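Hello,

I am passing a structure on to you today, and I hope you enjoy looking through it. Please open it first and then read my notes beside it.

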Amino acid sequence: MLFRQVYDHIITRMERGEWNAHDKLPSIRCLALELRVNRLTVLKAYQLLKQNGKAYVKEKSGYYVCPEAGSQVADGHDEPLTAVSSAMQLNSKLSDIHKITASYQFSQAVIDPNLLPNLFLSEYVKKVFDIYPKLMGTYSTPQGDEELREFLCQYLKRHFRIHLQPSEVLITTGSQQAIDLVGRIFIRPLDAILVEQPTYSAALDIFRAQGARLIPVAISPEGYDLDAVEMLMKQQRPRFFYMNPTFHNPTGYTLPTNQRKQLVELAERYRCVLIEDDAFYDIYFDERPPQPLFTYDTEGWVVYLRSFSKYVAPGLRICAVFGRKPVIDPLIAAKALADNGTPLVTQKIFLHYFQSERMQQHLEKLRIALQIRRDIMEGELAAAPIDWRWTSPKGGLNIWLQLPDTVPAAALFHESLRQSISFVPGHICDPLHDMQSWIRLCYSLVNEEQLHVGVQRLADIAQRIQKR
Ligand SMILES: Cc1ncc(COP(=O)(O)O)c(C=O)c1O
């Protein structure tokens, strides 16, 4: 599949405007040298570009960029269906799907704002301005507010008995930024990295844009096949393994404790950094999830990304990156280049809210509300006369649904959209663009009534497609 990675790499460079319409692409020999791959691999990538209408050939001259090749990304003004078909054609681009307005929004993995503590937060905003009257006139350090970093260290100690110094914490603007910074400091073009299949698709977009070679690791309700992971670490020497082991997006699966310990051992043995993205840790339904992999790390091979964006206050965009100095220091340097620090005002508001008792009360209520929504979605899916399957998520925001062969995801997607229902087609979450028979349905954004009606309508559409 290496040629597919080279293909993605070229597309990314076209999208960045490095090669425009009718520009000559580098010769096969030059690109093979630049990317440190075989010439045949580049040739196959060029042939695929030609086949997909992205490049054309001039006899005895080489490959050239097709005029429409770089214009596939939908801009915000496209008709919904145009944006959808672009999103379907593109390798990924979750953001294109999120641009589509729909009455039954099952595509965006965010929490209904009505379930978040808006009024209470606005009280905190006032309070914080009273405590720090010069807040708006002050920069944060690139690493983040010291008071917040100290508090987060105490939080880790209290919950997981991890002892960390504030110097080993970086505050970023959401985990999206943390993923981007990780990619920037670790990836050189065509470096191998391990990613779950499927995974959080925006992370795939980031790593692709940074030129990584994505090596898939299958994830199932039981976790990973650790023998396969070990083999990949041994053979591919990946720079890191990006993982979302707790209430995984999109599947909702959670890695069991024994695998967590073993993975950290593998990371140490093969010197492969584990990027543990833990955006949903607190959103559990029946029982608390196993401890983060980070708690088993004694040698500094795990970087722990803990976003509080999803369930505290998405508008504040706060994520903490925990890791040992050799990794945190370059990340701070990259953060300084990116934006010189997350706004101090959002960090302080988050700190004071996070310290309050109301935060825990909010979480308890939120878990119940989300569990009810999950149950409604599952109830409606189960009631439909369609042989779709899923593993019930024990936390998180999504159901990962396998469609029967009689209901192709692409047809379901297009038909659903006409009826104002959106979801994420599975191939978008797959580093290899397969998983065509899976879709991700998010149950946390729409209200209970909409959930009933939306899933019933989705089932009706699926039934009609099935009968064709
Ligand atoms: C696994 C995962 N990581 C990171 C993010 C980005 O979250 P944030 O809002 O913190 O940038 C998301 C958002 O859906 C996610 O699902």
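This is a predicted model: local features need pLDDT of at least 70, side-chain atom pairs count only at pLDDT 80 or more; totals for chains, interfaces and linings use all residues.

Residues are numbered from 1 along each chain as its sequence is written.

**The sheets**

A word on names: helices (H or I, at least four residues) and strands (E, at least two) are DSSP runs, numbered from the N terminus. Two strands pair if DSSP finds at least two bridges between them. Strands of a sheet pair through backbone hydrogen bonds, either parallel or antiparallel.

Seven strands make up an open sheet with mixed pairing, and their order is β4-β10-β9-β8-β7-β5-β6. At the edges stand β4 (169-173) and β6 (213-218), each with a single partner strand, so one side of each has no neighbour in the sheet. From one strand to the next, the twist averages 20°; angles here run from 0 to 180 degrees between N-to-C directions, and axes are lines fitted to C-alpha atoms, for helices over the stretch in contact. Inside this sheet order, β5 (residues 192-197) and β7 (residues 240-243) pair in the parallel sense over two bridges, and V195 stands opposite Y242 in β7. Helix α7 (residues 146-160) lies across β4 and β10 (318-322), running at about 115° to β4.

There is also an open sheet of three strands, with antiparallel pairing and the order β11-β14-β13. Its edge strands, β11 (398-402) and β13 (424-425), each pair on one side only. Between β11 and β14 (residues 438-442) the antiparallel pairing runs over five bridges, and Q402 has W438 in β14 as its bridge partner.

**The helix packing**

A crossing is left-handed if the near helix is turned anticlockwise from the far one by less than a right angle, and right-handed if clockwise. Angles under 35 degrees count as roughly parallel, over 145 as roughly antiparallel, 65 to 115 as roughly perpendicular and the rest as oblique. As for residue classes, Ala, Val, Leu, Ile, Met, Phe, Trp, Tyr, Cys and Pro count as nonpolar, Asp, Glu, Lys and Arg as charged, and the others, Gly among them, as polar.

- The axes of α1 (residues 2-15) and α3 (residues 39-51) come within 8 Å and cross at roughly 60°, which makes α1 oblique to α3. The crossing is right-handed. L2, F3, V6, Y7 and I10 of α1 meet T41, V42, K44, A45, L48 and L49 of α3, a contact with nine nonpolar, one polar and one charged residues.
- α2 and α3 pack with their axes 8 Å apart, at an angle of about 115°, and this crossing is right-handed too. I28, R29, L31 and A32 of α2 make the contact with R39, V42, L43 and Y46 of α3; by class it has six nonpolar, no polar and two charged residues.
- α10 (residues 226-236) and α11 (residues 257-270) have axes that come within 10 Å and cross at roughly 15°, and are therefore roughly parallel to each other. Their crossing is right-handed. Here L226, V229, E230, M233 and K234 of α10 meet Q259, Q262, L266 and Y270 of α11, giving five nonpolar, two polar and two charged residues.

**The ligand**

Which residues surround the ligand? They are A109, G174, S175, Q176, Y200, N244, N249, D277, A279, S307, S309 and C319. (A residue is near a molecule or strand if its C-beta atom, placed from the backbone, lies within 6 Å of it.) Helix α8 (residues 174-186) gives the largest share of this shell, three residues. By class, the shell has four nonpolar, seven polar and one charged residues.

**Backbone details**

Most residues other than glycine have a negative phi, and most peptide bonds are trans.

- The Q197 to P198 peptide bond is cis, with omega near 5°; P198 lies in the loop between β5 and α9 (201-209).
- The N249 to P250 peptide bond is cis, with omega near 15°, and P250 is in the loop between β7 and α11. N249 is also one of the residues around the ligand.
- H22, in the loop between α1 and α2 (28-35), has a positive phi, near 70°.

Best wishes

How values were computed:
Two residues are in contact if their C-beta atoms, placed from the backbone, lie within 7 Å.
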